[in-house]
Amino acid sequence: MGKAIEIRHPLIIHKLSFIRDKNTPSKNFRELVEEVAMLMAYEVTRDMKMETVEIETPICKMESKRITGKKVAIVPILRAGLGMVEGMLKLIPAAKVGHIGLYRDEKTLQPVEYFCKLPKDIEERDIILTDPMLATGGSAIDAITILKKKGARSIKLMCLIGSPEGVDAVREAHPDVNIYLASIDEKLNEEGYIVPGLGDAGDRLFGTR
């Protein structure tokens, strides 16, 4: 069964309090989401493989470590997942970026796919799937299913906030996928929103609320 990992760093907890605050304007909200994504990327990439290389400092030759193995692909779930991409690219500038477009049907709460564009070598990459909110888990489950159908073999899910229901749903549907979150919140309400949550991440990122 995949792990659900809460990254409880003081800087993340501090910034998350402003992200949650309904009075935080869109500009600040976008900046904070980007910053938290960058901080979370440290933990998400912790298990990257290293190789020994020989380099020469201004003083002498030495053996050092560099990342080896698979390349990275960052795949945001549109549209809110876009807000996390730039922060991650600051740490992993060589990563390719794909996009998966899903929206939630307001009546059924089920995800509907409308767009998918991925790197051609997706099966050779470590994929980090991003979405600020893991509510019912439907969108994440469908996005992971799409990635696997395209040949992806190494997938991690990275979210700011998740509900216990959403976390459990993803772990049950895709037990090989680890989930990284800044917070697992209390529950979902009757409308399918996370409590206490932060509202609609897409609307707050792009000023469409």
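User: Contact means heavy atoms within 4.5 Å; not counting residues up to four places away in sequence, which residues does Ile194 touch?

Analyst: This is a predicted model, in which local features need pLDDT of at least 70, side-chain atom pairs count only at pLDDT 80 or more, and totals for chains, interfaces and linings use all residues. Ile194 is found in strand β13 (residues 194-195), where helices (H or I, at least four residues) and strands (E, at least two) are DSSP runs numbered from the N terminus. Once residues up to four places away in sequence are set aside, Ile194 touches Met133, Leu134, Ala135, Ile161, Gly162, Ser163, Asp185, Lys187 and Leu188.

User: Does Ile194 count as buried or exposed?

Analyst: A residue is buried under 20% relative accessible area, exposed over 50% and partly exposed in between, using a 1.4 Å probe and protein chains only. The relative accessibility of Ile194 is 7%, so Ile194 counts as buried.

User: Which residues have the most contacts inside the largest nonpolar core?

Analyst: A nonpolar core is a set of buried Ala, Val, Leu, Ile, Met, Phe, Trp, Tyr and Cys residues joined through side-chain atoms within 4.5 Å. In soluble globular proteins, nonpolar side chains tend to be buried together. Here the largest core has 34 residues, and those with the most contacts inside it are Ile19, Met40, Met158 and Leu160.

User: Where does the largest share of this core come from?

Analyst: At least two residues of the core are supplied by each of α1 (10-20), α2 (26-44), β4 (71-78), α3 (85-91), β10 (154-162), β11 (178-184) and α6 (201-206). The largest share is 8 residues, and these come from α2.

User: Leaving aside neighbours within four places in sequence, which residues is Met40 in contact with?

Analyst: Met40 is one of the buried residues of α2, a group that also includes Phe29, Val33, Val36 and Ala37. The cover over the buried residues of α2 includes α1, α3, β8 (125-130), β10, β11 and α6. With neighbours within four places left aside, Met40 is in contact with Ile7, Ile12, Met158, Cys159, Leu160, Tyr180, Leu181 and Ala182.

User: Which backbone oxygen does the side chain of Thr24 reach?

Analyst: Thr24 lies in the loop between α1 and α2, and with a relative accessible area of 7% it is buried. The side chain of Thr24 reaches, at 2.6 Å, the backbone oxygen of Phe18.

User: How many Å away from Cys159 is the nearest cysteine sulfur?

Analyst: A disulfide is a pair of cysteine sulfur atoms within 2.5 Å, and the structure holds 0 of them. Cys159 is buried, with a relative accessible area of 0%, whereas Cys60 counts as partly exposed at 41%. Cys159 is in no disulfide, and the nearest cysteine sulfur, that of Cys116, lies at a distance of 18 Å.

User: What separates the C-alpha atoms of Ala201 and Met133?

Analyst: Ala201 is placed in helix α6 and is buried, with a relative accessible area of 5%. Not counting residues up to four places away in sequence, Ala201 touches Phe29, Ala80, Pro132 and Met133. Although Ala201 and Met133 are 68 residues apart along the chain, the separation of their C-alpha atoms is 7.2 Å.

Notes. Residues are numbered from 1 along each chain as its sequence is written. Side-chain values use heavy atoms; hydrogens and water are left out. Contact means heavy atoms within 4.5 Å. A polar contact is a pair of N or O atoms within 3.5 Å; within protein, one must be able to donate a hydrogen and the other to accept it, and residues adjacent in sequence count only if both atoms are side-chain atoms.
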